[in-house]
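Hello,

Here is the structure I promised to pass on. Please look it over first; my notes follow below.

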Amino acid sequence: MSRGRGDLEQQVFAALAADGGAMTTSDVRDALGGELAYTTVMTVLGRMAAKGLATRQRVGRSYAYTAVVDSAEVAAHQLHRLLDARGDRAAVLTRFARGLSAEESQLLVDLLQDDE
């Protein structure tokens with residue numbers, strides 16, 4: 001039975017989240033039953049790290065990955081990626097800000113003032 005690209009990513013994410021710690025590609029592959037090719041798991045982990053769904057740190061000649069389980073952190077990372085992908089960050093931020101409610105706008109102002 002074939003599986004979609006998202007299905008495998010969800011399974012890899014679930015394995016990382018269930019472990020709760022840093023896992024190497026081999027650890028994740030073993031947690032998923034050991035039937036997947038090492039390079040397939042490595043590719044999925046690399047893509048997840050690029051999307052901000054996992055963090056990675058160098059361990060010897062490979063990486064160990066940890067799931068990012070904070071959904072707000074994942075959403076913030078995705079927003080940064082979208083901004084980075086666009087040439088005109090100011091235009092995107094302007095349109096985003098115009099879509100915020102009064103409460104959300106005030107929260108944003110308060111957060112920006114806290115950073116000063």
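Some ground rules. This is a predicted model, in which local features need pLDDT of at least 70, side-chain atom pairs count only at pLDDT 80 or more, and totals for chains, interfaces and linings use all residues. Residues are numbered from 1 along each chain as its sequence is written, and side-chain values use heavy atoms, leaving out hydrogens and water.

The domains: domain 1 covers 5–67 and domain 2 covers 71–114 (bounds from an automatic or database domain assignment). Their centres, taken over C-alpha atoms, lie 29 Å apart. Four residues from each domain make the contact (heavy atoms within 4.5 Å).

The interface buries about 330 Å², with 56% from carbon and sulfur atoms. Buried area is the accessible area (1.4 Å probe) that two parts lose on being put together, summed over both. On the domain 1 side, Lys51, Gly52 and Leu53 supply 76% of the area buried against domain 2.

Now the strands (DSSP runs of E, at least two residues, numbered from the N terminus; two strands pair if DSSP finds at least two bridges between them). β2 (residues 54–59) pairs antiparallel with β3 over six bridges. Val59 stands opposite Ser62. The two strands form a hairpin with two residues between them, and Gly60 in the turn has a positive phi of about 65°. β3 (residues 62–67) also runs antiparallel to β1 (residues 23–24), joined by two bridges. There, Thr24 partners Ala64.

Best wishes

Definitions and conventions
Helices (H or I, at least four residues) and strands (E, at least two) are DSSP runs, numbered from the N terminus.
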